[in-house]
Amino acid sequence: MHGLLLKSEGSRSGGRTDSAELELLYGRAVTPWWDVLAGVCHETRPGSRSWAALGVEGTAPGMIDVTAMAYVGSGGQLQLKLEAGYDLRFSDRLILQPLLEATASLEDEPDHGTGSGLNGIEAGLRLRYEITPRFAPYVGIAHERLFGGTADLARTAGEPARDTHVVAGVRGWW
């Protein structure tokens with residue numbers, strides 16, 4: 001099976017967008033449970049940049065949804081991201097999803113607020129209501145902690161190395 005995926009994520013505070021990330025990925029099933037993904041990612045923070053993306057996405061034993069991606073930047077930067085989540089169904093439509101995401105970089109990038117090594121871990125809970133399986137709004141809470149050089153760069157910029165925030169969005173596919 002083949003497919004195109006469009007993923008977006010962003011954060012807003014004080015009525016303005018702090019950061020945004022948009023991924024356009026081509027996916028191809030390699031087993032009934034796993035897809036290989038390839039495409040591009042564009043992110044805006046204080047500055048914007050684009051990445052080539054390659055990874056896998058699927059369901060691990062225990063019905064844990066896993067995405068592992070590698071991002072290569074134009075200057076040879078390499079970032080890795082691992083996401084895992086699990087659906088706890090309260091009903092056919094109401095689902096609580098614990099999530100865990102970890103990011104790492106191989107190089108220091110002070111201009112982008114990133115140090116080498118483990119950059120951060122985010123853990124959260126999302127409660128979604130599947131109006132249809134293809135359209136599901138959600139709300140939740142997430143706690144993020146930065147590590148190493150990334151935490152040092154955040155503190156230098158006057159930002160916290162730990163943050164808890166409310167998340168909201170829509171999960172959909174066509």
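Are Arg128 and Glu130 buried or exposed? Both Arg128 and Glu130 are buried, where buried means under 20% relative accessible area, exposed over 50%, and partly exposed in between (1.4 Å probe, protein chains only). These two residues also form a salt bridge, with their closest N and O atoms 3.4 Å apart. A salt bridge here is a side-chain nitrogen of Lys or Arg within 4 Å of a carboxyl oxygen of Asp or Glu. Through shared partners, salt bridges join Asp87, Arg89, Arg128 and Glu130 into one network.

Before we go on, a word on the background: this is a predicted model, in which local features need pLDDT of at least 70, side-chain atom pairs count only at pLDDT 80 or more, and totals for chains, interfaces and linings use all residues. Residues are numbered from 1 along each chain as its sequence is written, and side-chain values use heavy atoms, leaving out hydrogens and water.

By the salt-bridge rule, the count comes to eight. One of them pairs Glu21 with Lys81, at 3.3 Å from N to O. Glu21 sits in strand S2 (residues 16-29) and Lys81 in strand S6 (residues 78-85), so this pair ties together parts that are 60 residues apart in sequence. Strands (E, at least two residues) and helices (H or I, at least four) are DSSP runs, numbered from the N terminus. Both Glu21 and Lys81 are buried.

Now look for Glu109 and Arg49, whose salt bridge brings the closest N and O atoms to 2.7 Å apart. Glu109 lies in the loop between strand S8 (94-105) and strand S9 (117-129), while Arg49 belongs to strand S4 (residues 48-60), so here too the pair ties together parts that are 60 residues apart in sequence. Glu109 and Arg49 are both buried.
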